[in-house]
Amino acid sequence: MENRSALRPLYLKDFTGQEKVKKILEIALSSAKKRQATLDHILFYGPPGTGKTTLATIIANEMEKNIKIVSAPMIEKKGDLVALINSLQEGDILFVDEIHRLSKQIEETIYSAMEDFRIDIVSGGGLRARNFSINLPKFTLIGATTRLNLLSSPFRSRFGIICRLELYSVEELIEIARKNTIKLNIKLTEEALFEIAKCSRGTPRILNQLLKRVRDFAVVHNWEVVDREKSLHILKELGIDENGLDSMDRKILQVIYEVFKGGPVGLNALSLALNEDKDTIENVHEPFLVKMGFIIRTSRGRKITNLGLKAIGKSLNSELF
Ligand code: ADP
């Protein structure tokens, strides 16, 4: 079976892009190692598939520590949290994905675990109630979220390092693709690499998914080398247009144009009209549409731009941007 994490870089030097984040991490890692101290708690935020989990595993490798990866909804009770942290060795990393989804009670419990490596427990009720605290190993919490705004400020302030991950440039994606074509044992021409990178929505996860589909086509058709024409054919088969837009991206642009006369339109109205979850629109589709200059976000909602109109084959409208 194919190892799902086979395409994941293992050390910071192999991680392409996010230069600012890497610089901050390099210093923090070197300092912690030199002081033989536990690394500060870290919060990563940014669009899905941009490397938050990958960076957490890299940090564990660099620190030569173990990492435990969980998703916030898996931690339901105080006991779950205690058991989780207690299973760690000193200096190990607890990675909590979708950290904005922790319940209020767990969030408050985590405060003392982060600050004092201790959790207070009340056992029994009424007159028999007894307070005691459990000491925990000194661990590093790495949280990841696509929704920084949903994290309370007391929670945010308990992370020593907060890093925002950005969408990747086409050049950075080409660099990642070059490394991964070797791992996937496929050959793409420079032009094909460019087309695939351009259509990856600034996201390494999507790039990797596309490269795997390219591999499938190459294997099935016995293609030794995938050139531009072949890559465009594959993209078309996958329903991805020359800008890298998928069917939902195009639907968003069409609905803003046709139903809301180009906007501005609020997220609620857009979500109802598209019958799509607000979170998905805001965090999966919009960052890329904004990066491409196809929509702009104003205080009154999103508006389609002339570039956006062009992307769905509509003519320019002088009233729009
Ligand atoms: P997130 O946690 O932000 O949703 P992941 O860390 O799971 O994203 O990354 C998704 C995929 O993209 C992983 O398979 C990883 O190998 C790849 N990836 C992400 N960032 C990079 C990068 N900078 N260089 C190479 N591969 C990357």
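Start with Glu-64, in the loop between α2 and β2 (67–71); helices (H or I, at least four residues) and strands (E, at least two) are DSSP runs, numbered from the N terminus. Its phi is near 55°, a positive value in a residue other than glycine. Most residues other than glycine have a negative phi, and most peptide bonds are trans.

You'll find Pro-264 in the loop between α10 (247–258) and α11 (267–274).

A word on what you're looking at. This is a predicted model, in which local features need pLDDT of at least 70 and side-chain atom pairs count only at pLDDT 80 or more, while totals for chains, interfaces and linings use all residues. Residues are numbered from 1 along each chain as its sequence is written. The protein averages a pLDDT of 93, and 97% of the residues score at least 70; pLDDT is the predictor's confidence in each residue, from 0 to 100. For the complex, the predictor gives an ipTM of 0.99 and a pTM of 0.90.

Now colour by domain: domain 1 is 12–164, domain 2 is 170–238 and domain 3 is 247–312, with bounds from an automatic or database domain assignment. The centres of domain 1 and domain 3, taken over C-alpha atoms, are 34 Å apart.

Next, the ligand. Which residues are closest to it? Pick out Gly-51, Lys-52, Thr-53, Thr-54 and Pro-204, from a shell of 18 (C-beta atom, placed from the backbone, within 6 Å). Domain 1 and domain 2 each give the shell at least three residues, and α2 (52–63) and α8 (204–220) each supply at least two. By class, the shell has seven nonpolar, eight polar and three charged residues (Ala, Val, Leu, Ile, Met, Phe, Trp, Tyr, Cys and Pro count as nonpolar, Asp, Glu, Lys and Arg as charged, and the others, Gly among them, as polar).

Last stop: α3 (78–86) and α4 (104–116), which pack at an angle of about 35° with axes 10 Å apart (axes are lines fitted to C-alpha atoms over the stretch in contact, and angles run from 0 to 180 degrees between N-to-C directions). Show Lys-78, Leu-81 and Ile-85 of α3 against Ile-106, Thr-109, Ile-110 and Ala-113 of α4, the residues that make the contact (C-beta atoms, placed from the backbone, within 7 Å).

Key
Contact = placed C-beta atoms within 7 Å.
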